[in-house]
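Good morning, colleagues. Please look at the sequence and the model as we begin.

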Amino acid sequence: MTLLLVANTIAAVASIAFAVVGGVRPAALTDSDPPTGGERFYGWMYAVRGLPLGAAAGVVPLLWSGPAAAVILYAAAAAQVGDAAIGIAHRKWTMIVGPLLLTAIHVATAVATR
């Protein structure tokens, strides 16, 4: 269980880091320079979702177990599945592999904390 909690915390920190990058430097995630107004807008939307969800996914399992922690982790996993689906639509392997790995970690941790 400790290994899963560590992996989940690392996954959550990675998710938060990408959310910050998406908000501050969206061109780093979209490979376009300079970013358009739309890219900046959606970068901030990604950050606004990713920061609190990543923080909750990283902290809640360390403090509580049971259904509440599982719900937070399943929500974080669902967001990662959405990110992977966007990666599939745009054929960006880095947007597919990373989110699917984080999904697996969040789900495994959710199952273990129930």
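How many aromatic pairs does a search of the whole structure find? The search finds one. Phenylalanine 41 and tyrosine 42 form this pair, at 4.9 Å centre to centre and with 85 degrees between the planes, which is edge-to-face. For the term, rings of Phe, Tyr and Trp (its six-membered ring) pair if their centres lie within 6.5 Å, and planes under 30 degrees apart count as stacked, over 60 as edge-to-face and the rest as tilted.

A word on the basis of these values. This is a predicted model, in which local features need pLDDT of at least 70 and side-chain atom pairs count only at pLDDT 80 or more, while totals for chains, interfaces and linings use all residues. Residues are numbered from 1 along each chain as its sequence is written, and side-chain values use heavy atoms, with hydrogens and water left out.

How exposed are the two partners? Phenylalanine 41 counts as partly exposed because its relative accessibility is 48%, and tyrosine 42 counts as exposed because its value is 54%. Here buried means under 20% relative accessible area, exposed over 50%, and partly exposed in between (1.4 Å probe, protein chains only).

Next, the backbone. Arginine 91 has a positive phi, near 55 degrees, and is not a glycine. Most residues other than glycine have a negative phi. Arginine 91 sits in the loop between α4 and α5 (94–113), and is exposed, with a relative accessible area of 74%. Helices are DSSP runs (H or I, at least four residues), numbered from the N terminus.

I turn now to the open space. The largest pocket holds about 830 Å³. It is lined by 25 residues, and the closest to its centre are Leu29, Tyr46, Asp83, Ile86 and Met95. On a 1 Å grid over the protein atoms alone, a pocket is an open set of points with protein on both sides within 12 Å along at least five of seven lines, and lining residues have an atom within 4 Å of a point. Grid points are joined across faces, edges and corners, and a volume is the space filled by probe spheres set on the points.

Which helix gives the largest share of the pocket lining? That helix is α3, with six residues. Helices α1, α2 (27–30), α3, α4 and α5 each supply at least two.

Thank you for your attention.

Conventions: On a 1 Å grid over the protein atoms alone, a cavity is a set of points where a 1.4 Å probe fits but cannot get out, and a pocket is an open set with protein on both sides within 12 Å along at least five of seven lines; lining residues have an atom within 4 Å of a point.
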